[in-house]
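Biologist: Can you take me through this model? I'd like to go element by element and then get to the pocket.

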Amino acid sequence: MRKPFFRLSCAVLLCCCLTGCGSIQHKSRTDTAQSSKAPPKTADDFSISSDSENETVDEPSSADAANASASESESVTQQEPLTGAAALYSNGQEISFDSSWQYADFSAINSGTATIYLADSNRKDIVIGVNAGHGTSGGASVKTQCHPDGSAKTTGGSTAQGATYATAVSGGMTFNDGTAESTVTLQMAQILKDKLLAQGYDVLMVRNSDDVQLDNIARTVLCNNVADCHISLHWDGDGLGYDKGCFYISVPDGLKSMEPVASHWQEHDALGASLVEGLRTAGMTIYQNGSMNIDLTQTSYSTIPSVDMELGNASSDHSDSTLNSLADGLTAGVNAYLGN
């Protein structure tokens, strides 16, 4: 009588063991989603990992293998969790200005939206803010505070040294052939966007049409909260009759002790220097040492690596072929700066 009872006990024990094996560990999307806005504090430490966390599957036991050979196994398809901007936004989504963001209350024109585009392959989980300079109807008639602490401008420029308020968005200059700077900066931004997307970067297009109702502070604050770095595109209105070449606007010494500049100016200058070197490698003419110190509203409110790139002046060629070469150089500079 003991043998049947013993066999029955063994069978029950075997079933219990088989039930506990071969489990699959799943992660929820909310557990793995990360904010795309997480740059480090210094340029030397600026590195954003492009590796996404992989899900793990327990190795099947010998009992599972034996059981699978006796019955058809069920296949389980696992998807990589969305991270960075892809977890927060959809491709082509319009992003509105949020009045609760830091420095938002200094903006006077902020009813417009920026648009985010997500790379469809080789995503790096890095968002590049591309800001086509100018292009805000009515922006030249509105003033905004130059610095968040209310101090006066330390250098001249489009706004005079000593001023405490600056034009919210200037109209920009006009090329020698009659083309408005705002038209060319938008063309440049669209070409650069496509090249960055092809490299696996996500792109925040701050201005996506002829007119966007976002002043310079609003554009900066949007990039601070959505992007990992901010590149503003311009051509210099210097009045010269020849093309003097490309340069970036570096941070003047008189601004380096004011926050948030004090915590980020080295990042701004490092990004600018890298972009200039990329342009040089692409065969573009570089102005003198590649930089010019000017106290900018953009830099004064930036909390991520941020730079104004001047890609020439009114005498510069702005044909499609030249804009493509400029975009190649800027993309190479982004890659070098981010270590990609």
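Modeller: Strand 8 is largely enclosed by the rest of the structure, because five of its five residues are buried. Keep in mind that this is a predicted model.

Biologist: Which strand does strand 8 join, and by how many bridges?

Modeller: Strand 9, by four bridges, and the two run parallel. Cys246 stands opposite Ile286 in strand 9.

Biologist: What kind of aromatic pair do Phe247 and Tyr287 form?

Modeller: First the total: there are six aromatic pairs. One of them is Phe175 with Trp235, where the ring centres are 5.8 Å apart and the planes are at 65°; the cut-off for edge-to-face is over 60 degrees, so this pair is edge-to-face. Phe247 and Tyr287 form a tilted pair, 5.4 Å centre to centre with 55° between the planes.

Biologist: Where do Phe247 and Tyr287 lie?

Modeller: Phe247 is in strand 8 and Tyr287 in strand 9 (residues 286-293), so the pair ties together parts that are 40 residues apart in sequence. Both Phe247 and Tyr287 are buried.

Biologist: And where are Phe175 and Trp235?

Modeller: Phe175 sits in the loop between strand 5 and helix 5 (181-198), and Trp235 in strand 7. They are 60 residues apart, so to speak of the pair is to speak of a link between distant parts of the chain. Phe175 and Trp235 are both buried.

Biologist: Which charged end sits over the ring of Tyr287?

Modeller: That of Lys244, 4.7 Å from the ring centre. Elsewhere, Lys124 lies over the face of Tyr201, at 5.0 Å from the ring centre.

Biologist: Is Tyr103 buried or exposed?

Modeller: Buried, with a relative accessible area of 13%. Asn122 also has a positive phi, about 50°, and is not a glycine. Asn122 lies in the loop between strand 2 and strand 3, and is exposed, with a relative accessible area of 62%.

Biologist: Where is the cis peptide bond?

Modeller: Between Glu259 and Pro260, with omega about 5°. Pro260 is in the loop between strand 8 and helix 7 (261-281).

Biologist: OK, the pocket. How much space lies in the largest one?

Modeller: About 660 Å³. The lining has 33 residues, and those nearest the centre of the pocket are Ser158, Ser170, His234, Leu296 and Asp308.

Biologist: Which elements give two or more residues to that lining?

Modeller: Strand 5 (165-167), helix 6 (216-226), strand 7 (229-236), strand 8 (246-250), helix 8 (297-301) and strand 10 (306-313). Strand 7 gives the most, with five residues.

Biologist: How do the lining residues divide into nonpolar, polar and charged?

Modeller: Nine are nonpolar, 17 polar and seven charged.

Biologist: Last one. Is Ala132 buried or exposed?

Modeller: Ala132 counts as buried, at 0% relative accessibility. Ala132 is in strand 3 (residues 127-132).

Note on methods:
Residues numbered from 1 in each chain as written. Predicted model: local features only at pLDDT ≥ 70, side-chain atom pairs only at ≥ 80, totals over all residues. Heavy atoms only, no water. 1 Å grid on protein atoms, 1.4 Å probe; cavity = no way out; pocket = protein on both sides within 12 Å on 5 of 7 lines; lining within 4 Å. Points joined across faces, edges and corners; volume = space filled by probe spheres on them. Nonpolar A, V, L, I, M, F, W, Y, C, P; charged D, E, K, R; others polar. Phe/Tyr/Trp six-rings, centres within 6.5 Å; stacked < 30°, edge-to-face > 60°. Buried < 20%, exposed > 50% of the residue type's maximum accessible area, 1.4 Å probe, protein only. Lys NZ or Arg CZ within 6 Å of the ring centre and 35° of its normal. Pairing = 2+ DSSP bridges.
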